[in-house]
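Trainee: Please take me through this structure one question at a time, and give the cut-off for each term when it comes up.

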Amino acid sequence: MSSSASSNQIQPTDDDATTKLPIRQIPGGYGIPFIGAIKDRLDYYYNQGRDNYFRTRMTKFGSTVFRANMPPGPFMAHNPRVVVLLDAASFPVLFDVSKVEKRDVFTGTYMPSTSLSGGYRALAYLDPSEPKHALLKQLLFFLLSTRKQAFIPEFHTSFTTLFDTLESDIAKDGKSDFNSRNDTASFSYLAGAYFGVNPSDTGLGSDGPTIASKWLLFQLHPLVTLGKLPNILEDLLLHTFHFPPFLVKSDYQKLYNFFYSASSSILDEAEKMGLERDEACHNILFATCFNSFGGMKVFFPALMKYVAQAGEKLHRQLADEIRSIVKSNGGEVSLSAIEKMPLTKSAVYEALRIEPPVMFQYGKAKKDLIIESHEAAFEVKKGEMLFGFQPFATKDPKIFENAEEYIPNRFLGEGEKLLKYVLWSNGPENESPTVANKQCPGKDFVVLIGRLLLVEFFLRYDTFTGEAGTLLLGSSLTVTSLTKATGK
């Protein structure tokens, strides 16, 4: 792994500083108004595909910074015109809230109707300068801190059920769909870990994962493709107009009723903080179902896919590390024990690097800026929208050797210094979320449960195999075999 890029090479130049790089005009453009945005949208989804959309323009312009339109374009987008940032040097400006505004840019150049979140703009859409941002983020910190003792035991309970189901499926059908089983386990886990409630014992029953996934689709459909319809029809259906919120209203109400009851003690704290109970509940629902459940829905299949593809050697190494540490800890899985598993940590970080669960970052320039790539500097005007495609920044070949490969031990030893280039959480992995920034409040929680998945899995199994694919929101994994841990 390379450390050839020094830290001053990847920091965005302050706008009042003198750059040592040549100032270059930002290449690219937006084409004919309206038509150019549609053409770029068709290129992005159908003619070229997402990654090639960026790669071909990067090659054409000889630059990792250029102008282009980002979908969904006309009718949906505030303004599809963006300045694209595709390397580890330019990308960090998107985290600097002194330079970029993060208001209403969570999903990009469009914003879903607030009817999908109780009429409120959820925390994810608030800029830190807005008064409610600090209160709502502090509420989520409170939730995470007060429930942390439940994170490990609840994970064991929910994912033991998942593993039992995988084994049953394979015994019956010779394979098991990890994604659907993961959805069920993840929703159950979050309800137990965050609120101490089993959804099956409430009016929500077993419908939570299905309803939450449907609600997510209503917000994210402008960013996905189905691949099952003619391109023109699919583009008209998914990328031209918003799905009417009333079609998911009754489902959302079921979720709301569940969270209002389950999170009563958290809502009590919200009222003490000066928040309305209703707004707090809608935000807790959003954070649980969009950020946490949506994240697990994407991240866990990707993590297991890469571990499966790495093969038996890695499986043996992980199993040896995990079992020896747990044994020396009296057979208990604890936070202190997990911290003593460096390969397990590195394997999780590498999955977050190579396939980050959130691929897009946006921010609107608050003032005239100079942004540096590795080779040049570019002037950006106040009000311009900046867009970063995260998988290119976190697979920057100037930072990482063999950047396209999943290398599970990449962050061991000296490699730990490279964590500042792991950017999945809307900030570097070596920094922490605060009420003043936009870094994910559950950043450490996500890393923990990624490790827990590997710990629980390799305490139970020696090795496994699976077939990878893609779904609307990320990777899919079909588990084809599970080999029980020897001696168990």
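Trainee: What is the relative accessible area of Glu271?

Mentor: This is a predicted model, in which local features need pLDDT of at least 70 and side-chain atom pairs count only at pLDDT 80 or more, while totals for chains, interfaces and linings use all residues. Residues are numbered from 1 along each chain as its sequence is written, and side-chain values use heavy atoms, with hydrogens and water left out. Buried means under 20% relative accessible area, exposed over 50%, and partly exposed in between, using a 1.4 Å probe and protein chains only. Glu271 is partly exposed, because its relative accessible area is 43%.

Trainee: Which residue forms a salt bridge with Glu271?

Mentor: A salt bridge requires a side-chain nitrogen of Lys or Arg within 4 Å of a carboxyl oxygen of Asp or Glu. Here the closest N and O atoms are 2.9 Å apart. The partner counts as buried, at 18% relative accessibility, and it is Arg277.

Trainee: How many residues apart in sequence are Arg460 and Glu167?

Mentor: Their side chains meet in a salt bridge, at 2.9 Å from N to O. Arg460 lies in helix H15 (residues 443-460) and Glu167 in helix H4 (residues 151-173), so the pair ties together parts whose separation is 293 residues.

Trainee: How far apart are the end C-alpha atoms of helix H2?

Mentor: Helices (H or I, at least four residues) and strands (E, at least two) are DSSP runs, numbered from the N terminus. The expected span is 1.5 Å times one less than the number of residues, so the 12 residues of H2 (residues 50-61) should span 16 Å. This agrees with the distance between the end C-alpha atoms, which is 17 Å.

Trainee: Which residues of H2 are buried, and what arc do they cover?

Mentor: The buried residues of H2 are Tyr53, Phe54, Arg57 and Phe61. They lie on the same side of H2, because the directions from the helix axis to their C-beta atoms cover an arc of only 85 degrees.

Trainee: Which residues are linked with Arg57 in a network of salt bridges?

Mentor: Arg57 is one of the buried residues of H2, and these pack against elements including helix H1 (35-47), with contact meaning heavy atoms within 4.5 Å. The network of salt bridges links Arg57 with Lys39, Asp40 and Asp43.
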